[in-house]
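Please look through the sequence and the model below before reading on. The paragraphs that follow take up a few local features in turn.

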Amino acid sequence: MCGIVGYIGKRDSAPLLLEGLQRLEYRGYDSAGLAIHSSGTGKNAGLRTAKTKGRVRDLQERIPKRFTGTVGIAHTRWATHGAPNDLNAHPHVDAAEKVAVVHNGIIDNAAELRAKLAAEGVELASETDTEVVSHLIGLAQGETLEARVQEALRSIEGTYGIAVLHEEFPDRIVVARNGSPVVLGIGEHEMFVASDVAALVSHTRQIVTLDDGEMATITAGDYRTYTTEGSRTSTSPETVEWAAESYDMGGHDTYMHKEIAEQADAVDRVLRGRIDDRFATVHLGGLNLDAREARTMRRVKILGCGSAYHAGMIGAQLIEELARIPADAEPASEFRYRNPVVDPDTLYIAVSQSGETYDTLAAVQELKRKGARVLGVVNVVGSAIARAADGGLYVHAGPEVCVVSTKCFTNTAVAFALLALHLGRIRDLSVADGRRIIEGLRKLPGQIDEILGTEPDIEKLAAEYASARSMMFVGRVRGYPVAREASLKLKEVSYIHAEAYPASELKHGPLALIEPAVPTVAILPDDDLLEKNRATLEEIKARSGSILAIAHQNQEKADDTLLVPQNEPELDPILMGIPLQLLAYHTALKLGRDIDKPRNLAKSVTVE
């Protein structure tokens, strides 16, 4: 992984490929490269590659003169096999340098294939799993490029999204998908391919998304899709909802700051058109779950990874409180490997910003195989999880470019509030409580703007806490998922070590870590647990720990308090995480971090 771009048409491909790679820089990567088929003469003819460790700007400087051609593929790599360096960068070519391949995913049997190729006399130039694909295609005997790629794929085990260029077939690019996204962009007498629509929207908004086990051939004027066995498939283009401007910074210094600032509008979008005042409920037409079926559900299990998992924790609490259905959240990466008992009376919900998170998608596929009902809560329309699920709801956060999730996390939590209200009103939630929650939901955008107005105060606090060598985040019940997410945000973007614990667990071990150099961030909503949370502050102060409270009222025992406007108790967690997003942002800014592209991380994790 991480980013794929391809072009075939009448224009010079290299500038278009570089532009596409720049659009995908937010996904996180360590090297970049491209390959074109040049129609020049002499040494400038045929298949040519350029690649380098570093950023896309470094690749631009490495491209030789007269590097032109109307067909090409490109890649930004996030290292899985082999260190970030020039040799391991994509594209990878075969021994004859006639085949170029870019690849997202992991080839599980790469070691076995490398040994087999080496035994046959093939000299492998890199440490990557991807290089075996180019050699297998180069050695294949099919009459067409499609047949050669299919022959190679029959030897491969694992996940892939690949694009293939061949010197002998300069009129086409062949692509294939298994567990890693591939989308086609349909232009006027030109075609594009990418791993993310962000690379395409400045040229076309008509796209085709491949399914797992599906391949495609694109030429300058057409495309066709088929299975890896060769059977034709039927696909129709879809129109991308977001224009190219949605992926720009919009006057902000970073995408993270832009996306934090967009949260009021984003929450307004997820609510728009869904509230039903007459019956004090919401319309969620995409669930494909009628009232009779909803009443038969005895349990809800929510699956996600990272921030999606934390949003699922908030969602599980909302569903239990409003619908009175037992609910819990679990990391999808753990669920899929523990041979879980799949109960026909359990509703499973898969959560993913991209809709392509591999661990979550694999859990969905396993659940479907066992006959479970699965809903998806995703941001990207037409993504793999959205297509695999029985139904679900889109969170409508808009494009989220920064690797660190902010507005999508918030919108996902709001989407869960809508789902919990919907299920609650089907079951035993009263009209009065339904109206109370709806009123709280309507307040959220204005209250988010109010929180964002306190950014100068948060920036000052960040300057104080940036020197911490570690931080502790604590909260009880509704506050605990907020603490988990805030801890993750700080780790991801500032690289300060942070841990999150239920406040009640602090005295069962973690108090040993409390000292002046380890500040504690305490989530203290003004609810029936407030006094117990204050007792936790007493324990911390008794051990000379400093405290930052996120609360609805000033806390005397805290060194600093960030005040958050109060909503309904069930919805307060949605608001209490937002100042902590800003705290993480300004802490990272103070430390000079690469905020939009944190080290070692990728936006959409499509490998195990």
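Is Cys402 buried or exposed? Cys402 is buried, at a relative accessible area of 0%, where buried means under 20% relative accessible area, exposed over 50%, and partly exposed in between, with a 1.4 Å probe and protein chains only. Cys408, at 2% relative accessibility, also counts as buried. The structure is a predicted model, in which local features need pLDDT of at least 70 and side-chain atom pairs count only at pLDDT 80 or more, while totals for chains, interfaces and linings use all residues. Residues are numbered from 1 along each chain as its sequence is written, and side-chain values use heavy atoms, with hydrogens and water left out.

A search of the whole structure returns 0 disulfides, a disulfide being a pair of cysteine sulfur atoms within 2.5 Å. For Cys402, the nearest cysteine sulfur is that of Cys408, 12 Å away, and Cys402 is in no disulfide.

Helix 4, which spans residues 131–139, is mostly covered, with 7 of its 9 residues buried; helices (H or I, at least four residues) and strands (E, at least two) are DSSP runs numbered from the N terminus. Among the buried residues of helix 4 are Glu131, His135 and Ile137. The elements that cover them by contact (heavy atoms within 4.5 Å) include strand 6 (99–104), helix 3 (110–119) and helix 5 (145–153).

His90 and Pro91 are joined by a cis peptide bond, with omega about 0 degrees, and Pro91 lies in the loop between strand 4 (71–77) and strand 5. Arg66, although not a glycine, has a positive phi of about 55 degrees; this residue sits in the loop between helix 2 (56–62) and strand 4, and Arg66 is exposed at 60% relative accessibility.
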